[in-house]
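Have your viewer ready and try each task before reading its solution.

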Amino acid sequence: MEPRVGPAPDAAPQVRPYHHPAAGWGAAKSVTRVLVEERELVDGPRAIMRMNHENGGFDCPGCAWPDDTKGLRLDICENGIKHVTWEMTRKRVDRAFFAAHSVTELAGWSDYDLENQGRLTEPMAYDPESDHYVPISWKEAFEVVGAALRGLDDPNRASFYTSGRLGNEATFLYQLMARELGTNNLPDCSNMCHEASGRALQAALGTGKGTVDLKDWESADALFILGVNAASNAPRMLTALAEAERRGAQIVHVNPLVEAAATRTIVPHEFLDMALFKSTRTSTLNLQPRIGGDMALLRGMAKAVLEQSASDPKALDATFVERHTAGFEEYRALCAATPWEELERQSGLSRADILRAARVYTEADRSIVSWCLGLTQHEHGVDTVREIVNLLLLRGNIGREGAGPSPVRGHSNVQGNRTCGIDHRPTEAFLDRLADACGIDPPREHGLDTVRTIQAMRDGEVKVFVAMGGNFALAAPDTAATYAALRSCDLTVQVSTKLNRSHVVHGRAALILPCLGRTEKDHQRKGVQRTSVEDSMSMVHLSLGMKRPASPHLLSEPAIVAGMARAALPDSETPWDWYIEDYDRIRDTMAVALDGFEDFNRRVRLPLGFRIKQPARELVFLTPSGRAEFSTAALPDVVPEPGTLALGTMRSHDQWNTTIYSDDDRYRGVKNLRTLVFMNRADMRERGIVDMGAVDITSTAKDGSHRYLKGYTAVPYDIPRGCAAGYMPEMNVLCALGDYSTQSDQPIMKHVKVTIVPAAGG
């Protein structure tokens, strides 16, 4: 059995319905607890008031929701403050810590306990004889990496992973190093979250990103939020939802679970509302489809629009469709041929519910559809996102103010990573510009994504694995297979701020390279440096760390990349050291190499930065037809087989990706418990499962193999029949490595086929 992920509970588990507004005083209380625990009651609030913006204000290093367009200084959220305070901790993991604890011992600790030890302070190397990490100089560490990479008989035997926290400048240097080495093995966290969004939008509109910005959110008449737990995943969205409700916009939430963000909120920076305990509604309609049923709902809405247009021509924007789209007649015929009975069966919703959502859509002049992993981590994720575009095209909701597709990204710079070159499937145009700008001959064959990197490590084809941030061992699917893959490597390199599971699940040789956090000053030869990030709506802005580094031995992420590159590519003509002296020099090269980054250094210093151009927003569609493309995919069968359930993994509220702050999940009424599964009460009765009873969970992979979790707690919850849900990363073990979408190559973590029975002997 693998070690527990969360902290050991200090009291008995409790589950009580949550009926309070999202954010508000509950968030304030939670933030205060974190500040007290990290002993940052003075420095914490001070840093938050001037976090990474030179003139004050909070630039969140957590999620990718855009900064407030009105210059609001307190556009902050509970999770953002937790993220910053977790990084600012005074606890340290130094050489004395590693001398006192073997890797075997640390492997038995919970992941909460590993991260809770504090900040890493100096580079460390694994010593197999003593089973301890021991200090190593930066020069020696870089030479270990360089020697391993130089010794490979094929550069494709190395893979370079990226989490979404890496800034644009380090991202650009990282992909440049990999490609100069000769590989496109650049897996990233997008391979596990929004790959489906990018592929769908690229196929339909000729862009891999959403077309809207925050001003569009402020002027939309209707907002459709699908597969998003905004209160935890993008809490600052609550401000936009509250403002939308006050101006009379319609807000439709679509999720198997009715989350707190889909009810009401008290926005923390609205001090009068806080004082008066005055909440604002954040929805006008909540729909609960079965897991995977969103595509059927969207097609049903489209069918309703087309049926209405027969008697009400205004329901369909025929002029837009004729001028700007391709494939409409085929799509119209597909909708007409799809029976309402099948739409109801696959969505798990009634025809009346689907028509209710369609009515909101047709009565709105301008609509935005927003979505997150609830739609993408499925076999049919690409088809579902394309169905969103189909619906938007019917009423011309592309390329005008207050309308369009809006994917909700997670990590603060996950979108910037892809923009700046982290892509295992680069286009020829990108590689041509990179070659001209940097004087290299980049490889042209596609590289490995996340799933295929794990498979290649397991099979001995990838020998060196480098991870810039993140906690790969926990974030990836099929925990046992991922652990075995990492342990099969000759060398694993983890660039990190805190101790985590990926440091104790390592290759035969292993390095921990500690880096500066986004909150910390980055001193280089030409002074304190700034880095840039891109939010989920394509705005690029500068971020300036303002805290003293946790240790004098930390290096910045760009400096670590440059150090590895110098050692691995001794004959390189790339001016690695010169770049690190002044990040403006990196940005000047990026301005030449990257489309949309022209005049980068000037534009990024504008008050809110700049927005990368979006051709589709201007009704320029870079598709084969030169038009927006309708999709005519068949509806998938998502109804569970008799006796089985569709299980989706998700985060708790007191968690950020794989970082877990406590065993609580305030918005779902859970306290002191993470090893649980939420179930429909009727499904529980059918299986003889009692409330809070112990259960065993078995997943069945595509290849027929099984994976198990034993002794979990069954929690009755308002979730559709045939569906279940539980927390990642604990439940990642249930998603087999081979269970990835054939459309996007994403692990199918939101649609795991399981059986749940009372625990043996329980």
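**Exercise 1.** Which ring has Arg-666 over its face?

*Solution.* Start with the criterion: a charge sits over a ring if NZ of Lys or CZ of Arg is within 6 Å of the ring centre and within 35 degrees of the ring normal. Arg-666 lies over the face of Tyr-667, 4.7 Å from the ring centre. Then look at Arg-395, which is placed over the face of Tyr-361 at 5.9 Å from the ring centre.

A word on the ground rules: this is a predicted model, in which local features need pLDDT of at least 70 and side-chain atom pairs count only at pLDDT 80 or more, while totals for chains, interfaces and linings use all residues. Residues are numbered from 1 along each chain as its sequence is written, and side-chain values use heavy atoms, with hydrogens and water left out.

**Exercise 2.** Classify the aromatic pair of Phe-97 and Trp-109, then say whether each residue is buried or exposed.

*Solution.* First, the rule: rings of Phe, Tyr and Trp (its six-membered ring) pair if their centres lie within 6.5 Å, and planes under 30 degrees apart count as stacked, over 60 as edge-to-face and the rest as tilted. The whole structure has 19 aromatic pairs. With centres 6.0 Å apart and 80° between the planes, Phe-97 and Trp-109 are edge-to-face.

Next, burial (buried means under 20% relative accessible area, exposed over 50%, partly exposed in between; 1.4 Å probe, protein chains only). Phe-97 is buried because its relative accessible area is 10%, and Trp-109 counts as buried because its value is 19%.

Finally, widen the view: ring pairs join Phe-97, Phe-98, Trp-109, Tyr-126 and Tyr-133 into a cluster.

**Exercise 3.** What is the volume of the largest pocket, and which classes of residue line it?

*Solution.* Begin with the terms. On a 1 Å grid over the protein atoms alone, a cavity is a set of points where a 1.4 Å probe fits but cannot get out, and a pocket is an open set with protein on both sides within 12 Å along at least five of seven lines; lining residues have an atom within 4 Å of a point. Grid points are joined across faces, edges and corners, and a volume is the space filled by probe spheres set on the points.

The largest pocket holds about 1200 Å³. Its lining has 34 residues, with Gln-202, Gly-208, Arg-418, Asp-423 and Thr-427 nearest the centre. By class, nine are nonpolar (Ala, Val, Leu, Ile, Met, Phe, Trp, Tyr, Cys and Pro), 10 charged (Asp, Glu, Lys and Arg) and 15 polar (the others, Gly among them).
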